[in-house]
Structure formats: structure tokens, C-alpha cells
Amino acid sequence: MFFTGKVFWIVAQPLTLALITTILLKGRAPTGLRHALLTAVLVQVGLGIATLLAHVPVALGTLHQAGAVMVLGVAVTLWHDRSLARYD
């Protein structure tokens with residue numbers, strides 16, 4: 001099976017973190033941003049796996065780095081929006 005040992009934990013950890021973050025923010029952050037974060041993390045995991053399986057071609061490596069920027073941007077936007085909601 002593909003998901004054995006180390007590979008399973010490499011895939012499971014970021015997905016678990018994204019799911020826990022999404023659940024903890026339920027009701028405290030806009031639904032669209034929570035879904036955007038979960039989607040961005042899932043895309044990032046998929047790109048990471050594809051990049052490694054293809055032996056790190058430059059195009060996929062660049063897309064993977066762009067995905068990291070996307071995850072960071074969504075996370076910062078979510079954090080900023082949540083911190084603003086605290087003062088409403």
C-alpha cells in the first residue's frame with residue numbers, strides 16, 4: 001500500500017493540523033477563509049507529493065513554493081480577520 005510508515009505521517013500531519021485549525025476556528029472566523037485554508041493546505045500536500053514522486057522537476061518545485069506562499073497568505077488573512085473581530 002502507498003500510505004505506509006513514514007509517507008503516511010508526512011501526509012497525515014499537515015492534513016490533521018489543517019483540520020484541527022478549521023474545527024477550532026468554527027464560528028470564530030468566516031467560513032470562506034476557513035475553507036480557503038483547508039483547500040490551500042490540501043493543494044500544498046498534493047503538490048508536495050507530486051513533486052517528490054516526479055524527482056523534483058523545476059516546474060513542480062516552483063508550483064510547490066507558490067503553494068507555500070498561498071498557504072501563508074490565507075493563514076495570515078485568517079489570523080488578521082480573527083484579530084479584528086475581537087475588537088468588534
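1. Let me start with helix 2, where the buried residues are L33, R34, L37, L38, A40, V41, Q44, V45, L47, G48 and T51. Please keep in mind throughout that this is a predicted model.

2. The geometry of helix 2 is worth a quick check. This helix covers residues 31–53, and its 23 residues should span 33 Å at 1.5 Å a residue. The C-alpha atoms at its ends are 33 Å apart, so expectation and model agree. After helix 2 comes H55, which has a positive phi, near 65°.

3. Which residues make up the largest nonpolar core? There are 10 of them: A18, L33, L37, L38, A40, V41, V45, V71, V74 and L78. Helix 2 and helix 3 are the elements that give two or more residues to this core, and helix 2 supplies its largest share, six residues. As general background, nonpolar side chains in soluble globular proteins tend to be buried together.

4. Setting aside neighbours within four places in sequence, V41 is in contact with P14, A18 and V71. Both A18 and V71 are core members as well.

5. Now for Q44, which also sits in helix 2. Buried or exposed? Q44 counts as buried because its relative accessibility is 15%, and the cut-off for buried is under 20%. Beyond neighbours within four places in sequence, its contacts are H64, G67, A68 and V71.

6. On the outside, I would look at L72, V76 and W79, which form a nonpolar surface patch with about 360 Å² of accessible area together. L72 belongs to helix 3, residues 58–85. With a relative accessible area of 55%, L72 is exposed, since the cut-off for exposed is over 50%.

7. Finally, the chain as a whole. It has three helices and zero strands, in the order α-α-α along the sequence. Of its 88 residues, 26% count as buried. The accessible surface comes to about 6,300 Å², and carbon and sulfur atoms hold 74% of that. Among contacts with a separation of 6 or more, 57% are between residues 24 or more positions apart.

Key. Residues are numbered from 1 along each chain as its sequence is written. This is a predicted model: local features need pLDDT of at least 70, side-chain atom pairs count only at pLDDT 80 or more; totals for chains, interfaces and linings use all residues. Side-chain values use heavy atoms; hydrogens and water are left out. Patches are made of residues with over 30% relative accessible area and no salt bridge: like charges are joined within 9 Å, nonpolar side chains (Val, Leu, Ile, Met, Phe, Trp, Tyr) within 5 Å. Accessible areas come from the Shrake-Rupley method with a 1.4 Å probe; for residues, only the protein chains shown count as cover. A salt bridge is a side-chain nitrogen of Lys or Arg within 4 Å of a carboxyl oxygen of Asp or Glu. Helices (H or I, at least four residues) and strands (E, at least two) are DSSP runs, numbered from the N terminus. Buried means under 20% relative accessible area, exposed over 50%, partly exposed in between (1.4 Å probe, protein chains only). The expected span of a helix is 1.5 Å times one less than its number of residues. A nonpolar core is a set of buried Ala, Val, Leu, Ile, Met, Phe, Trp, Tyr and Cys residues joined through side-chain atoms within 4.5 Å. Contact means heavy atoms within 4.5 Å.
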